[in-house]
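This report considers ring contacts, charges placed over rings, a surface patch and a strand hairpin. The sequence and structure are shown below.

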Amino acid sequence: LSLSLSLCFFPFFSLIDTHTKKFIYLFIYISLFLSLNLCLHPFVYPEFTFVYPEFTSESLLPSDNNIKVYKYEVGSVQLNHAGKYQCKATYTGSTAGETKSDEAQVVVLGLTSQPQTQRVNVGGSVTIAATFKGYAPTDKITWMVKDTATNEFKPIVIDNIKFTMTAIDYDSATKTSNNKLIINSVVVDDENKYKAIGSFGSDNVESVVVDVLIKYETLTSVFGLKGETSVLTCTYDGPHTVTAITFYLGDASTTFNEVSGDRYVVSGLLKKTGTHAQTYKTLSITGTTVADERDYKANVTVKNGNDTTIRETDIAQIFVIQRLGSPVSSFEVESKKEKSTDCDSALIPLL
């Protein structure tokens with residue numbers, strides 16, 4: 001600007017009076033100073049405005065190359081935080097008034113409405129449910145199964161025979177899409193990892209991964225003689241290598257704790273002979289009392305290649321019985337949960 005003005009006034013400079021010349025000189029000097037200053041400092045850090053003022057933004061110290069970084073944090077992420085976020089920067093200095101913006105997408109993972117492990121017997125069926133919250137109605141839900149060869153997930157072919165998929169149920173009040181995958185006539189090869197992918201426009205949202213496990217592990221309830229030793233046996237009859245079996249005892253609040261104490265004797269890992277080399281472990285309880293009529297379960301740790309899985313048995317119980325003092329071959333059943341007032345009903349003939 002200063003150079004342009006100088007060129008404009010130069011042909012008439014000899015005709016301009018002294019006061020006007022001084023004013024022109026001053027104007028040129030100021031223009032040159034501002035031009036030089038803007039060259040050295042091309043812009044001032046912009047002010048950032050976030051379209052969601054309920055969250056706090058934090059300004060960080062400038063880094064090299066005159067870049068100022070702003071951090072935008074969302075604490076305690078909820079499902080309704082999913083969506084697009086926009087940051088607008090208004091510049092000052094040489095680009096005063098100019099506004100630039102950019103958008104970012106925040107995706108909140110979908111949730112399953114069930115435990116992340118499903119156990120099923122061979123020949124039975126299992127249902128896996130997926131729930132996506134905080135979104136508009138989904139365009140499509142695709143169920144995936146892990147390919148053990150490539151360690152990647154691949155789509156499941158819904159043939160309505162082996163694999164059945166329910167219709168997508170959308171609740172507009174809660175912005176929730178629900179869907180279920182049913183695996184029928186379960187075989188050993190169906191033991192795998194499964195997940196669902198919901199398509200919401202251009203966004204694909206994954207559910208958590210669900211493990212479907214075949215019930216190879218068993219813990220069977222037993223009758224125990226009062227004052228004698230009661231034995232619970234946990235057996236694993238599957239194709240994987242057992243590395244540990246741990247027994248747990250339930251209390252009145254349905255909390256399970258690992259068994260411990262002098263009355264509890266746990267064997268090492270044992271093998272049964274036969275066509276299937278079953279692995280088993282025993283829990284012996286000495287001096288059985290009515291207080292031992294509680295819930296028991298066991299966790300079986302197995303290794304399949306590089307993967308280690310903990311498999312939980314169903315709950316088993318010990319039913320305490322007492323031999324009568326008479327020579328009659330019968331047992332008197334004692335239960336802390338319920339005692340019969342009918343004498344005849346308390347007699348169980350020995351076979």
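How many aromatic pairs does a search of the whole structure find? In this predicted model, the search finds 2 aromatic pairs.

Tyr216 belongs to the loop between strand S15 (210-214) and strand S16 (217-219), whereas Tyr236 belongs to strand S18 (residues 230-236), so the contact ties together parts that are 20 residues apart in sequence. Tyr216 counts as buried because its relative accessibility is 11%. Tyr236, at 1% relative accessibility, likewise counts as buried.

Phe223 and Phe319 also form an aromatic pair, and this one is tilted. It links distant parts of the chain, with Phe223 in strand S17 (residues 222-225) and Phe319 in strand S26 (residues 316-323), 96 residues apart. Phe223 is exposed, having a relative accessible area of 62%, while Phe319, with 34%, is partly exposed.

The geometry of the pairs is set out in the table.

| Aromatic pair | Centre to centre | Angle between planes | Class |
|---|---|---|---|
| Phe223 and Phe319 | 5.6 Å | 40° | tilted |

Rings also take part in contacts with charged side chains. Lys195 lies over the face of Phe153, at 4.4 Å from the ring centre. In another such contact, the charged end of Lys272 sits over the ring of Tyr280, at 5.3 Å from the centre of that ring.

The hairpin of S13 and S14 has 2 residues between the strands, and in it Gly201 takes a positive phi near 65°.

A further feature is found on the surface. There, Tyr25, Tyr29 and Leu32 form a nonpolar patch, and together they have about 330 Å² of accessible area. Leu32 is placed in helix H2 (residues 18-40). Is Leu32 buried, exposed or partly exposed? At 43% relative accessibility, Leu32 counts as partly exposed, because that class covers the values between the limits of under 20% for buried and over 50% for exposed.

Note on methods
Residues are numbered from 1 along each chain as its sequence is written. This is a predicted model: local features need pLDDT of at least 70, side-chain atom pairs count only at pLDDT 80 or more; totals for chains, interfaces and linings use all residues. Side-chain values use heavy atoms; hydrogens and water are left out. Patches are made of residues with over 30% relative accessible area and no salt bridge: like charges are joined within 9 Å, nonpolar side chains (Val, Leu, Ile, Met, Phe, Trp, Tyr) within 5 Å. Accessible areas come from the Shrake-Rupley method with a 1.4 Å probe; for residues, only the protein chains shown count as cover. A salt bridge is a side-chain nitrogen of Lys or Arg within 4 Å of a carboxyl oxygen of Asp or Glu. Helices (H or I, at least four residues) and strands (E, at least two) are DSSP runs, numbered from the N terminus. Buried means under 20% relative accessible area, exposed over 50%, partly exposed in between (1.4 Å probe, protein chains only). Rings of Phe, Tyr and Trp (its six-membered ring) pair if their centres lie within 6.5 Å; planes under 30 degrees apart count as stacked, over 60 as edge-to-face and the rest as tilted. A charge sits over a ring if NZ of Lys or CZ of Arg is within 6 Å of the ring centre and within 35 degrees of the ring normal. Two strands pair if DSSP finds at least two bridges between them.
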